[in-house]
Amino acid sequence: MGDMLIRNIPEPLKREIEQAAHKGGQSLSGKAIDLLRKGMVAEREAKPEPGLSAWEAIRSAFAAENAIDDEFAKIMDEIEGERKRDFGRPVEDFE
């Protein structure tokens, strides 16, 4: 395992981590590792995957709810039609 030195931690934050470690029966290092791990997971979950289009993101949300069917296709067609209208061009120009 590797070591990491973190400099310039504000004293109130350090005390808060120390108190949480003591309360949870952990060492300061153990608590810091736990908090770093949780922070990494939260950050990873908060960021959309690179290269994921809006269509793919919407589709994955529908897939998570087992809602991929003809209704999904209809909704996506409506979204695409509105997107094209937003650019001020008639939808027929794109069909």
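Predicted model: local features only at pLDDT ≥ 70, side-chain atom pairs only at ≥ 80, totals over all residues.
What share of the 95 residues of the chain counts as buried? I started my notebook with that one, and the count came to 9%.

**Entry: the surface.** Next I looked up the accessible surface of the chain, which comes to about 8400 Å². Carbon and sulfur atoms account for 54% of that surface.

**Entry: the overall layout.** I went through the secondary structure and found four helices and zero strands. Reading along the sequence, I wrote the pattern down as α-α-α-α.

**Entry: helix α1.** I then turned to α1, which covers residues 11-23. It has 13 residues and reaches 18 Å from its first C-alpha to its last. That is close to the 18 Å expected at 1.5 Å a residue. After α1 I came to glycine 25, where phi is positive, near 70 degrees.

**Entry: α1 against α2.** How do I describe two packed helices? I use the angle between their axes and the distance between the axes. For α1 and α2 (residues 28-46), I noted an angle of about 105 degrees and axes 9 Å apart. Angles of 65 to 115 degrees count as roughly perpendicular, so α1 and α2 are roughly perpendicular to each other.

Which residues make the contact? On the α1 side I listed Ile17, Glu18, Ala20 and Ala21. On the α2 side I listed Leu28, Lys31, Ala32 and Leu35. Sorting the residues of this contact by type, I got six nonpolar, two charged and no polar.

Notes:
Residues numbered from 1 in each chain as written. Heavy atoms only, no water. Axes fitted to C-alpha atoms, helices over the stretch in contact; angles between N-to-C directions. Helix = DSSP H or I, 4+ residues; strand = E, 2+ residues; numbered from the N terminus. Parallel < 35°, antiparallel > 145°, perpendicular 65-115°, else oblique. Contact = heavy atoms within 4.5 Å. Nonpolar A, V, L, I, M, F, W, Y, C, P; charged D, E, K, R; others polar. Buried < 20%, exposed > 50% of the residue type's maximum accessible area, 1.4 Å probe, protein only. Areas by Shrake-Rupley, 256 points an atom, 1.4 Å probe, with all protein chains shown as cover. Expected span 1.5 Å × (residues − 1).
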